[in-house]
Amino acid sequence: MHPDQRFISYLQQNDHKGIRELYRLFAPKIERMIVHNSGDAADAADIMQEALIDIFRLSADGRFTLTCPFEAFLVMVCKRKWLNALRKRSGSPVTKSTDDGFTYEKQDTDEAIRYAQQLEREDTIMQVLETMGEKCRQIIRACMGKVHQEQVAEQLGLTYAYLRKKKSECMAQLGALVKAHPVFNGEM
Amino acid sequence: MENYFAAIQDYLEGVLPDEDRQQFEAELGRNPELRAETALQAELGAVMKKHLAAEEQVPALRQSLQAASRDYASGRTDEKGRVLIRWLLPAASIAAALLILVYQVGWFSTDFEQLPVLSESVSRGGPDNNQNEEIAKAFNAGAYARSAELLEAALASDTGIVRYTYYLGLSHLGNQDYVRAVAALKPVADGPSVFAADARYFLAVALWRLDRVDEAREAASRVTESDTYHKKSQRLLRRLEK
């Protein structure tokens with residue numbers, strides 16, 4: 001475990017003092033990278049906030065172990081998010097790579113890329129879920145909670161057998177949609 | 001195929017009877033496609049459980065991040081301010097005066113109240129075609145008093161058309177009648193319709209204009225990342241913190 005795991009703990013515990021430290025240490029670097037690549041301070045604030053929330057979600061179950069410097073991970077996530085934002089703004093793929101102006105050990109960069117890719121996979125799954133029909137979303141969300149599925153069936157006014165049948169259909173549909181997404185099919 | 005996915009779910013949830021589980025595991029060993037699908041379904045389940053459980057903590061974390069971001073931004077401004085005072089006070093005074101002037105005429109401010117376009121297409125069960133066109137023309141031309149009047153008339157005959165309740169709220173917002181805007185937008189924002197997420201944003205704007213800051217913050221924080229007005233909601237939240 002890297003000593004910078006403490007930054008992950010600050011997010012998990014919503015530690016105000018730790019979060020302020022995190023901004024003091026890393027916000028100027030993120031801002032410099034984004035301002036240097038066609039953005040402004042407001043863009044940098046948005047990107048950094050969304051990156052930190054995504055990192056919180058990634059690590060929310062307490063199983064995530066950081067093995068590279070937090071800065072390398074955060075810079076990588078922000079860089080990829082900013083490239084996506086530029087793609088959306090321009091309506092076409094951005095061919096120029098974002099110059100982050102930072103240099104890390106190759107091993108740290110590789111780890112940071114791996115974490116950032118995992119974060120994007122998880123983000124994609126949740127985004128794809130939101131594109132599904134209301135019934136499927138309702139069933140999947142309810143079945144993923146802590147309530148037993150027999151109670152879920154009762155709450156939704158369905159029989160238990162029908163709930164399980166619909167759940168497996170919805171999960172199959174979600175799997176197909178996720179596999180077709182560029183993040184999963186290797187097009188990104 | 002249906003049984004195929006049902007078996008995967010049953011296996012992952014540990015509810016397959018022993019004999020079926022052994023058969024499934026044997027098949028997993030032989031069938032790479034089943035192996036890949038089972039692994040994907042396991043990943044989907046684990047990720048969704050983790051994210052959905054984390055979701056209730058996100059609004060509080062977001063508030064802490066916004067506060068830290070604000071502290072950082074104000075610290076940066078202070079630093080720049082010291083340099084300006086030392087070296088560029090006269091020029092800065094002139095620039096500040098100009099900036100205030102520009103800000104007051106609205107060139108720099110985020111237009112939180114920019115309203116969407118109302119489509120002229122008729123929704124099923126809605127008012128007749130001519131009436132719909134008339135409403136859309138009035139609304140899109142910025143004649144909000146007129147569009148509100150027409151929408152109230154349309155809703156008098158059928159109160160169940162959520163689309164019209166939403167645009168009635170927006171018409172009141174355009175008309176700067178924020179109390180009525182809140183009254184119309186709140187049930188839409190709290191309801192299950194496709195307008196709910198957008199209504200939350202505009203409800204937040206109306207509440208902000210009424211100085212009901214806590215309620216505005218609550219409404220804006222309910223606009224999620226996948227919603228159209230998420231970015232503007234975040235900007236509004238930052239504004240509300242000032």
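In this predicted model, 35% of the 188 residues of chain A count as buried.

What about the buried nonpolar residues? In general, nonpolar side chains in soluble globular proteins tend to be buried together. Here, the largest nonpolar core has 40 residues. Those with the most contacts inside this core are A:Ile30, A:Met48, A:Ile55, A:Phe73, A:Val77 and A:Cys78. At least two residues each are supplied by α1 (5-12), α2, α3, α4 and α5 of chain A, and also by α4 (58-87) of chain B. There is a second, separate core too, with 36 residues, B:Leu118, B:Ala154, B:Ala184 and B:Ala220 among them.

Leaving out residues up to four places away in sequence, A:Val77 touches A:Ala51, A:Asp54, A:Ile55, A:Ala116 and A:Leu119. A:Ala51, A:Asp54 and A:Ile55 belong to α3(A), and A:Val77 itself belongs to α4(A), which brings up the pairing of these two helices.

How do α3(A) and α4(A) sit relative to each other? The axes of helix α3 (residues 41-58) and helix α4 (residues 70-90) of chain A come within 9 Å and cross at roughly 120°. That angle is why α3(A) counts as oblique to α4(A). The crossing in which α3(A) passes α4(A) is right-handed. On the α3(A) side, the residues that meet the partner helix are A:Ile47, A:Met48, A:Glu50, A:Ala51, A:Asp54 and A:Ile55, and on the α4(A) side they are A:Leu74, A:Val77, A:Cys78, A:Lys81 and A:Trp82. Sorted by class, this contact holds eight nonpolar, no polar and three charged residues.

Then there is the meeting of the two chains. The contact takes 35 residues from chain A and 29 residues from chain B. On the side of chain A that touches chain B, two or more residues come from each of α2 (16-35), α3, α5 (106-131), α6 (134-143) and α8 (160-180). The largest share of that side, eight residues, comes from α8(A). As for the make-up of the side of chain A that touches chain B, its residues split into 18 nonpolar, seven polar and ten charged.

Notes:
Residues numbered from 1 in each chain as written. Chains lettered and ligands numbered in written order. Predicted model: local features only at pLDDT ≥ 70, side-chain atom pairs only at ≥ 80, totals over all residues. Axes fitted to C-alpha atoms, helices over the stretch in contact; angles between N-to-C directions. Helix = DSSP H or I, 4+ residues; strand = E, 2+ residues; numbered from the N terminus. Parallel < 35°, antiparallel > 145°, perpendicular 65-115°, else oblique. Left-handed = near helix turned anticlockwise from the far one by under 90°. Contact = placed C-beta atoms within 7 Å. Nonpolar A, V, L, I, M, F, W, Y, C, P; charged D, E, K, R; others polar. Buried ≥ 20, exposed ≤ 12 C-beta atoms within 10 Å, placed from the backbone. Core = buried A, V, L, I, M, F, W, Y, C linked by C-beta atoms within 7 Å.
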